[in-house]
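Here are a few notes to read with the model open beside you. Shall we go through it point by point?

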Amino acid sequence: MIVKVKNMVCDRCKTVLMSEFSNASISIEKIALGEIVFPKGAEKGIVAIKEILTRNGFEMIDEPEALLVADVKMHLQQEIQKYGALRDTLSNFLAEKLNKDYSIISKAFSRSQEVTIEKYFIKLKVEKVKELIQMKNRTFSEIAYELDYKNSSHLAKQFKSITGMSMTDYRKIENWNRKPLDKIV
């Protein structure tokens, strides 16, 4: 039985769920971001599975559009965490990853999330910028280059339009107001 899981965004999420299911004596065949594979017969324990997911801040996804949106978010979050940017256009990247026409993906995402994939992706990148600023080991130009911006002024304008403050001001504050990746929309 394959279960799609919403809000599963990092390896720590996988570790928490593996531990929780192990403590509940529920076997797992495989766990990946956004997906858990249970052995045959696990359907009998679906109530316990849902309860463990919910208790830990996750949700089981069963509607086709919700599955598609969760897959979009998962792929974009993974790519940002790994590389900081896409190695292709957003439309080509998602069409290839999801094996669907981008217009279908885009319409479903916008309808469900009330924001375009492009704006969602910009918000993801801004959260990555916040993380890199907090590390204090890169210049703004290096951050812009790493995240595939044409120049640091383009990044600076985008950062300010999303956060309401400059990157310099953000670097100076002590109260980092970063959002968890699964809460970005």
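This is a predicted model: local features need pLDDT of at least 70, side-chain atom pairs count only at pLDDT 80 or more; totals for chains, interfaces and linings use all residues.

1. Zooming out, you will find an open sheet of 4 strands, ordered β2-β3-β1-β4, with antiparallel pairing. The edges are taken by β2 (30–32) and β4 (59–61); each has a single partner strand, so one side of each is left without a neighbour in the sheet. From one strand to the next, the twist averages 30°.

2. Which helices pack on this sheet, and which strands do they touch? Helix α1 (residues 11–23) touches β2 and β3, and its direction makes about 150° with that of β2. Helix α2 (residues 46–55) touches β1 (2–6), β3 and β4, with its direction at about 125° to that of β4.

3. Now for the aromatic rings, where the structure holds 3 pairs. One of them joins Phe 21 and Phe 38: the ring centres are 5.3 Å apart and the planes stand at 85°, so this pair is edge-to-face. Phe 21 belongs to helix α1 and Phe 38 to the loop between β3 and α2, so the pair ties together parts that are 17 residues apart in sequence. Are these two residues, Phe 21 and Phe 38, buried or exposed? Both are buried.

4. Another pair is formed by Phe 109 and Tyr 120, with ring centres 5.4 Å apart and planes at 55°, so it counts as tilted. Phe 109 lies in helix α5 and Tyr 120 in helix α6, so here the parts tied together are 11 residues apart in sequence. Phe 109 and Tyr 120 are buried as well.

5. Helix α5 (residues 102–113) meets helix α6 (residues 117–135) at an angle of about 75°, and their axes are 9 Å apart. This angle makes α5 roughly perpendicular to α6. On the α5 side, the contact is made by Tyr 102, Ile 105, Ser 106 and Phe 109, while α6 brings Ile 117, Glu 118 and Tyr 120. By type, the residues of this contact divide into 5 nonpolar, 1 polar and 1 charged.

Key:
Residues are numbered from 1 along each chain as its sequence is written. Side-chain values use heavy atoms; hydrogens and water are left out. Axes are lines fitted to C-alpha atoms, for helices over the stretch in contact, and angles run from 0 to 180 degrees between N-to-C directions. Helices (H or I, at least four residues) and strands (E, at least two) are DSSP runs, numbered from the N terminus. Angles under 35 degrees count as roughly parallel, over 145 as roughly antiparallel, 65 to 115 as roughly perpendicular and the rest as oblique. Contact means heavy atoms within 4.5 Å. Ala, Val, Leu, Ile, Met, Phe, Trp, Tyr, Cys and Pro count as nonpolar, Asp, Glu, Lys and Arg as charged, and the others, Gly among them, as polar. Two strands pair if DSSP finds at least two bridges between them. Rings of Phe, Tyr and Trp (its six-membered ring) pair if their centres lie within 6.5 Å; planes under 30 degrees apart count as stacked, over 60 as edge-to-face and the rest as tilted. Buried means under 20% relative accessible area, exposed over 50%, partly exposed in between (1.4 Å probe, protein chains only).
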